[in-house]
Amino acid sequence: LRVISILEKSLGAYHPNVATCLNNLAQLLQATNRLADAEPLYWRALAIDERSYDKDHPNVAMSLACVAHMLQATNRMAEAEPLMRRHLEIFLKFTVSTGHQHPHLQAAIENYVGLLSQMGRSSAEVQLFSVAAKDVLAELKRWLEFIASERRLSPKTCEAYARDVSF
């Protein structure tokens, strides 16, 4: 906690490095089964990241995943689901807007499928989402390859398309 206090004084309470430090401490607390101590740190780190970055920034997605995993660990699946879904949506939007698959997109899909399964969703429903997600990912890859090979769409066109995409 002393390091966090020093960072807050030198960088400001809402600096992204403070959020990183809070997340790291929360992960340590979670690993030592001190979930009640970890939870407020995760939430605070998420609040800082949401304030520091755009709401669809990958750093926000990572903080969302940390909170969602902690909620899963405390058997609060219904609370974790919208956070994990938003985490996945951010990586999908990143992929569409940049023309490059985010390195954490596949893991985000797998984490969301795992959460749906833990929530007691039917195996058919989980399988349907998993197949649909793989199809979407395959289509995104084909689209990105087309853009790279044909160069028919400008970066501004891709950004405009990404703004219009609703997940």
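Reader: In which helix is Leu22 found?

Author: Leu22 is found in helix H2 (helices are DSSP runs of H or I with at least four residues, strands are runs of E with at least two, and both are numbered from the N terminus). This is a predicted model, in which local features need pLDDT of at least 70, side-chain atom pairs count only at pLDDT 80 or more, and totals for chains, interfaces and linings use all residues. Residues are numbered from 1 along each chain as its sequence is written, and side-chain values use heavy atoms, with hydrogens and water left out.

Reader: What makes Leu22 count as buried?

Author: The relative accessibility of Leu22 is 1%. Buried means under 20% relative accessible area, exposed means over 50%, and partly exposed lies in between, with a 1.4 Å probe and protein chains only. Leu22 therefore counts as buried.

Reader: Which residues does Leu22 touch, not counting residues up to four places away in sequence?

Author: Leu22 touches Ile4, Leu41, Arg44, Ala45 and Ile48, contact being heavy atoms within 4.5 Å. For Leu22 and Arg44, 22 residues apart along the chain, the C-alpha atoms are separated by 7.6 Å.

Reader: Why are H2 and H3 called roughly antiparallel to each other?

Author: Helix H2 spans residues 16-31 and helix H3 spans residues 35-52; they pack at an angle of about 160°, with axes 8 Å apart. The axes are lines fitted to C-alpha atoms over the stretch in contact, and angles run from 0 to 180 degrees between N-to-C directions. Angles under 35 degrees count as roughly parallel, over 145 as roughly antiparallel, 65 to 115 as roughly perpendicular and the rest as oblique. H2 and H3 are therefore roughly antiparallel.

Reader: Which residues in H2 meet which residues in H3, and what is the make-up by class?

Author: From H2 come Pro16, Val18, Ala19, Leu22, Asn23, Leu25, Ala26, Gln27, Leu29 and Gln30, and from H3 come Leu35, Asp37, Ala38, Leu41, Tyr42, Arg44, Ala45, Ile48, Asp49 and Ser52. By class, the contact of H2 with H3 has 13 nonpolar, four polar and three charged residues. Here Ala, Val, Leu, Ile, Met, Phe, Trp, Tyr, Cys and Pro count as nonpolar, Asp, Glu, Lys and Arg as charged, and the others, Gly among them, as polar.

Reader: What makes Tyr42 buried?

Author: Tyr42, found in helix H3, has a relative accessible area of 3% and is therefore buried. Leaving aside neighbours within four places in sequence, Tyr42 is in contact with Asn23, Ala26, Gln27, Gln30, Cys66, Val67 and Met70. The C-alpha atoms of Tyr42 and Ala19 are separated by 8.5 Å, although these residues are 23 apart along the chain.

Reader: How many residues has the largest nonpolar core, and which have the most contacts inside it?

Author: The largest nonpolar core has 43 residues, and those with the most contacts inside it are Leu22, Tyr42, Val67, Leu88, Leu105 and Ile109. Such a core is a set of buried Ala, Val, Leu, Ile, Met, Phe, Trp, Tyr and Cys residues joined through side-chain atoms within 4.5 Å. Helices H1 (2-11), H2, H3, H4 (58-73), H5 (77-98), H6 (105-118) and H7 (123-150) each supply at least two residues of this core. H5 gives the most, with nine residues. Not counting residues up to four places away in sequence, Val67 touches Tyr42, Trp43, Leu46 and Leu83. In soluble globular proteins, nonpolar side chains tend to be buried together.

Reader: What makes Glu39 and Glu81 count as buried?

Author: Glu39, in helix H3, has 19% relative accessibility and therefore counts as buried. Glu81, in helix H5, also counts as buried, at 10% relative accessibility. With neighbours within four places in sequence left aside, Glu39 is in contact with Met70, Leu71 and Arg76, and Glu81 is in contact with Tyr112, Leu115 and Met119.

Reader: How do you know that Asn33 and Asn75 are exposed?

Author: Asn33, in the loop between H2 and H3, has a relative accessible area of 62% and is therefore exposed. Asn75, in the loop between H4 and H5, counts as exposed at 60% relative accessibility. Neither is a glycine, yet phi is positive in each: about 65° for Asn33 and near 60° for Asn75.

Reader: How many helices and strands has the chain, and what share of its residues count as buried?

Author: The chain has eight helices and zero strands. Of its 167 residues, 37% count as buried. Residues 24 or more positions apart account for 56% of the contacts with a separation of 6 or more.
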